[in-house]
Amino acid sequence: MEAPTMRHRFEEYIFGLQEEIITSFETLDPNAPKFKRDSWQRAHQGGKGVSGVFFVPPSTDGSPGQQTILEKAGVNISVVHGMLPPAAIKEMRADHSSIPYDGKTSLPFFAAGISLVVHPRNPHAPTVHANYRYFEISEKAAEGEGTSKVVAWWFGGGSDLTPSYLYDEDARHFHTTLQKACNQHGSELYPVFKKWCDEYFYIVHRQETRGVGGLFFDDLSTEKHARLSEDIKRPRSSEEIFDFIKAVGNSFVPSYLPILERRMSMPSTDQQRRWQLIRRGRYVEFNLVYDRGTKFGLKTPSARIESILMSLPETARWEYMTDMGSDLESEEGRLIAVLKQPVDWAGLENL
């Protein structure tokens, strides 16, 4: 019997992680509606997925809706395969020179990932996002031969925290939990991936980061990496990198649930809700203007739009020339200061 391939092992892992994460939220708020598990098939091309989405149906009689801990959330799985066109292959060769390219031949690809976004109801509880993915490209099998040969593969992912109100202990807990997961595989991974996260989740037209950061990484494979020195200890084989992915993926629940439990029942004001909705507006701006996953998905033929836009909050706000956040002595201004100048949260924990 042949050993399971990496694509099968990764698929099995993310389906298990999805169930663990959804169950943790449902256990935290047992009286809330359950996540809706929505299975789908990719029409006309290969693939499948399961979207796990939380929402509260709106009231039909004008009464206040159910006051759940979460306002909107999604924990989505996609497993797709098909043919990668030459233009996409050419772009990917910048980081993966092992991919064969003749300018006219399409190649088989496989991609699997878990992506989640959680928008809590309480203004003091932060939004959180995470995703972990695996991508491989193969050569076409010759006629009469069996499966095609994998010629390139890589892993990517990350997790980041987006608060409306800044609590230093929350940011430190989130970052140090991720740092410990990274340090199992090399002490220089966390600072590189934390910096990459601050750079990626940056709203250029606002000159501020989307939140207090976390991890962001891509193109992890046996090949040389643009951001990682060849001299440092880091996962290099597919087994080592898969172990790293599982370490950071498994850190999601312990990095975020304690924060949500601390903040979910705090009293809040209408003014704080207003600020939360303004910050959600910034979240929308980043996702629709800059996020490459959203942009790629919206351009993909036969894209599942509901899954792509799952990350957007149920409600958001844009105020013309808002004055909220301009007073640096206010709680809102304190957050803005950190978004303008990222902080080494894990380093603060060690002081």
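**Checking the labels against the cut-offs**

Biologist: Why is E319 called partly exposed?

Modeller: E319 has a relative accessible area of 21%. Buried means under 20%, exposed means over 50%, and partly exposed is anything in between (1.4 Å probe, protein chains only). The value of E319 falls in between, so the label is partly exposed. By the way, this is a predicted model, where local features need pLDDT of at least 70 and side-chain atom pairs count only at pLDDT 80 or more, while totals for chains, interfaces and linings use all residues. Residues are numbered from 1 along each chain as its sequence is written, and side-chain values use heavy atoms, with hydrogens and water left out.

Biologist: What makes E319 and R317 a salt bridge?

Modeller: The label needs a side-chain nitrogen of Lys or Arg within 4 Å of a carboxyl oxygen of Asp or Glu. Here the N to O distance is 2.7 Å, so the pair qualifies. R317 is partly exposed too, because its relative accessible area is 38%.

Biologist: How many salt bridges does the structure hold?

Modeller: It holds 27. One of them joins the side chains of R9 and E239, at 2.5 Å from N to O.

Biologist: What links E208 to R279?

Modeller: A salt bridge, with the closest N and O atoms 3.1 Å apart. E208 sits in strand β8 (residues 208–209) and R279 in helix α7 (residues 270–289), 71 residues apart. Both E208 and R279 are buried.

Biologist: How do you know that β5 and β6 pair?

Modeller: Pairing takes at least two DSSP bridges between strands. Strand β5 (residues 127–138) and β6 have 12, in the antiparallel sense, so they pass. In this pairing, E136 stands opposite W153 in β6. On to strand β9 (residues 213–220): six bridges join it to β6, again antiparallel, and G158 stands opposite F216 in β9. Strand β6 (residues 150–162) is mostly covered, with 12 of its 13 residues buried.

Biologist: Why is S221 called buried?

Modeller: Its relative accessibility is 3%, so it falls under the cut-off for buried. S221 lies in the loop between β9 and α5. Contact means heavy atoms within 4.5 Å, and S221 touches H96, W153, W154, R234, R236 and I241, leaving aside residues up to four places away in sequence.

Biologist: How many disulfides does the search find?

Modeller: Zero in the whole structure. C182 is in none, and its nearest cysteine sulfur, that of C197, is 11 Å away. A disulfide needs two cysteine sulfur atoms within 2.5 Å, so 11 Å is too far for a bond.

Biologist: Are C182 and C197 buried or exposed?

Modeller: Buried, because C182 comes out at 0% and C197 at 1%.

Key. Helices (H or I, at least four residues) and strands (E, at least two) are DSSP runs, numbered from the N terminus.
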